[in-house]
Amino acid sequence: MRKYLLPLAVFVLVAIFLWRGLFLNPQEVPSPLIGKSIPEFSLPKLQKENSVVTSETFLGKVWVLNVFASWCTPCLDEHPMLMELASQNRVMIVGLNYKDGFQSAADWLGKHGNPYSAVAVDIDGLVGMDFGVYGVPETFLIDKSGVIRYKKIGPLSSTEIQDELLPLVESLQ
Amino acid sequence: MIPEIGHFSIILALWVSVAQTLICFGGAVRSSPRLIAFPRYSSYVIFLLTLAGFCCLATSFLVDDFSVLNVASNSNSQLPWPYKLAASWGSHEGSLLLWVLMLSGWMSAVSLFSKQMPDEMRSLILGVMSAIAIGFYLFMLLTSNPFDRLLPPAVDGRDLNPLLQDPGMVIHPPMLYMGYVGFSVVFAFAIGALISGKLDSTWARWSRPWTTAAWCFLTVGIALGSWWAYYELGWGGWWFWDPVENASFMPWLCGTALIHSLSVTEKRGSFKIWTVLLSIITFSLSLLGTFLVRSGVLTSVHAFATDPERGVFILGFLIVVIGASLLLFAWRAPKVGLGGNFNFISRESALLANNVLLVVAAASVLLGTLYPLFLDAMGLGKISVGPPYFDAIFFPLMAPAMFLMGIGPVLRWKNAKTLELATKLKWAFAISLVSAIIVPILMGGWSVFVSIGLLLGFWIVVSGLVNLLEQIRRIRMGSERTIFQVINSLPRSYYGMLVAHFGVAVFIFGVTLVKGYEEERDVKLAVGGSVELSGYRFSLASLDDLIGPNYNGIKGTVFVHGADGKLVSTLYPEKRFYHVQSMPMTEAAIDTGFFRDLYVSLGEALEDGSWVVRVYLKPFVDWIWGGAFLMALGGLLAISDKKYRSKRRSVPNQATVSS
Amino acid sequence: MTKKFFLSTAWLFFLSLSSISNAQPSSDLSADFQEKVKSISAELRCLVCQNQTIADSNASLAIDLRNQVSRMLRQGKSEQEIKRYMVERYGDFVLYDPPVKWQTWALWFGPFLLLVLAIAFLVSSQLKRRAEPDSDFNPANREDLRALLRGDKDQL
């Protein structure tokens, strides 16, 4: 009888994995960039077109890089959380305006409020590509030595800010 | 009111199924003739109740009753009525209702066409089927009720997914489900045989036509789905190894293996254990497919909106049904005998090898489909498994199976002689080999891949013809019959086998030639512009605004001229924008031909008013689906063989042939 | 959950809408070059689409990545370098052709191992059976007898 139990054994094994699979999200792809230094970049700064934001600008600080665009509707959902976070002054937020434009970005920030200490403008999206951006909004947390510590794809919720982002910020300070 | 009636009749159908299951198994235990007769009639009742429920849902869709949540989320007042009807199985809830409708339909069919079967056996089979039905009725009523009301009612509906607003999509799901659910009959036969211990060639004979019928539906369903993807998704692909496609392909592979192993079990009494296990596996894979599509464990282009609660329910159901049947198998299988012996070179061996290859192929598809999930569940990272993997694994496994297709039918049962085989087939092989070398050169470009593909295709066709001639010659020897009489005397199941195998060959030709010689260009075209593609000139003559019932868009007019300057075809590719779901859709325009398709689709609009246009030349692409339909036709011929219609009549008939 | 699904679909959709102005036609490039871009793109997975290659998808990201593939090819980068570039940014997830490493051994070698095991099992059980007489083909059984009578015709 033992060899006839083999099909059942295989099925049980598959069923266990399927069960685990129910509680996983196949869409969520962890970024291979976590634990690595941020890619090098040098982009024009919004509203100060002569100056640039580079990958070295914020060395020595713990900072949040938030990828946004005026055409991105989910960014609007996230925006109030960022305003709230900025008003608490616990961490510096830098914006990466992704595949958008100087004027539209400025208008959007003028209309909804500007939580960013600085905004780098990435019109052709190449720097975004180096950051592995694929679903705007995206948020990165970068430590003092310029290493990416955390990444969130899609809009941040207030609980994620409270429970994930801020404790990490504290520990990196 | 109508949705409540529908809801109520589904609840009634559930209770009748419960009663039927209890009575069937009770009857089997107490061997009471009165109990055993019950399911013959209750099966019809379940079917009629489910049909009533289905009609109620369809009515709600047709009359735009937006107080029903399902209608409000999947239909719209502007939707043309055939799509409103199709929308009733376009959602997860509605498709489940279609599923149980088909299950109860198959149940009634078993009840109707199994008069010559012993009552106890039929009762057991119907009991197993109604037990499966209970699971699905419960699943529908507890987690996905298609009749749920929406209060207050919506003003208008959110519309059917534009991808599904297509004639191919109207019939694809019913066909596919007929196949999936049809395997439940085969499964029930297997469980019935295991319980009763009557696992013999009679069981195989009963099982065969049902297996073939379900397989035919599944074949047509898969082919329609692939054809739909080809013209609807707008980039000319026809198979993507997407988890949902794989979910339908795995039962097909196992079903194909099952058809072949059943023939051995019927005629030689061998492979019984294997055949019964394969019956269970085939239906289990159909159930697994349902789980994969509806639980959200895998990402897919076609998946339904997902919900973990549903996933938990189906998985529980899967564990009960598959777990119990495999346990039953482990318990009863050791008592089943082995059947007739056979030599290494015999038709049994060839069919066994075919089975091994098909099942290993199905297992590989399963492995590739679930592997990302395995790794993720063990925390070993996220990977993707796609076409490059499946192509690399699948073709080496299938090529020998295709080769065996030429040999198997020529071999004798039990013991065949190698020399005899070689004499019969050496010319067939020579002809195939020469054709496989010459044809690619004539097509304009030789490659190993094309040559191997063609070799397999020609091999199947030529060896099939050799086999046919051989049969005719053998019967004519020592008889006065004319060729026509001889051809007429060969059983339909034999022709069915030949036609289905030719279907595979046609399919191989299609796949090989389209992969080997297709051409495509992505070009920027403004009105008046044109592009050349292997002798055809495609010119964009105009772009016009388009207003449809529930969409607007742009319609291009593309003239296609041949090398001689004559107009070959005028194509109208469209880019539609569906209002309600605010979703753009590419409607490709295709000039279908026996030897090639011309395919044009509009890509993206550019700032200067021109468009990115994709043009393709796809040689022999329609042979892919033509081959699949031939396979199904072969199955149909096999079912129509008279040996399945009346047992009494077929015995003297067979005596005359063998005399 | 349904609502969340709906929102995320809408989100993906807006991503794809933003693409329209960014499309770069490649009409000026040779067919061979297009072929090369296509064959590389066909093995890369579009991350925002449910399950499509970047060759097939019209989503914004897919178009950007296609353009990136063609830019890198023009710079003379090899297929391997392009794939490495993608993996560095998006992980192994972007490769539809999973690389062979210890995590994927079972994936790549499993099917052939299974085939070898199945053949070995069958051959050994056949050899064992050869020693024994037909166990179940009982001439007293009417079905079996009938099958025997049919034998000739069953060669079909």
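Guide: Accessible areas here come from the Shrake-Rupley method with a 1.4 Å probe, and for residues only the protein chains shown count as cover. The model is a predicted one, and within it chain C has an accessible surface of about 8,100 Å², with carbon and sulfur atoms accounting for 62% of that area. Chain C has 156 residues, of which 46% count as buried. As for how the chain folds back on itself, among the contacts between residues at least 6 apart in sequence, 46% join residues at least 24 apart.

The charged side chains of chain C can be followed next. Lys36(C), Glu43(C), Glu79(C) and Lys83(C) are linked in a network of salt bridges. Another residue of this chain, Arg89(C), forms a salt bridge with Asp130(A), in which the closest N and O atoms are 2.9 Å apart. This pair joins two chains, because Asp130(A) lies in helix H4 (residues 126–130) of chain A while Arg89(C) lies in helix H4 (residues 79–90) of chain C. Arg89(C) counts as buried, because its relative accessibility is 12% and the cut-off for buried is under 20%.

Glu4(B) and Arg149(B) meet through their side chains in a salt bridge, at 2.7 Å from N to O. Since Glu4(B) lies in helix H1 (residues 2–30) of chain B and Arg149(B) in the loop between helix H6 (119–143) and helix H7 (167–196) of chain B, the pair ties together parts that are 145 residues apart in sequence. Glu4(B) is partly exposed, with a relative accessible area of 36%, and Arg149(B) also counts as partly exposed, at 31% relative accessibility. The side chains of Arg310(B) and Glu93(B) likewise meet in a salt bridge, at 3.1 Å from N to O. Here the parts tied together are 217 residues apart in sequence, since Arg310(B) lies in helix H11 (residues 308–332) of chain B and Glu93(B) in helix H5 (residues 92–112) of chain B. Both Arg310(B) and Glu93(B) are buried.

Key
Residues numbered from 1 in each chain as written. Chains lettered and ligands numbered in written order. Predicted model: local features only at pLDDT ≥ 70, side-chain atom pairs only at ≥ 80, totals over all residues. Heavy atoms only, no water. Buried < 20%, exposed > 50% of the residue type's maximum accessible area, 1.4 Å probe, protein only. Contact = heavy atoms within 4.5 Å. Salt bridge = Lys/Arg side-chain N within 4 Å of Asp/Glu carboxyl O. Helix = DSSP H or I, 4+ residues; strand = E, 2+ residues; numbered from the N terminus.
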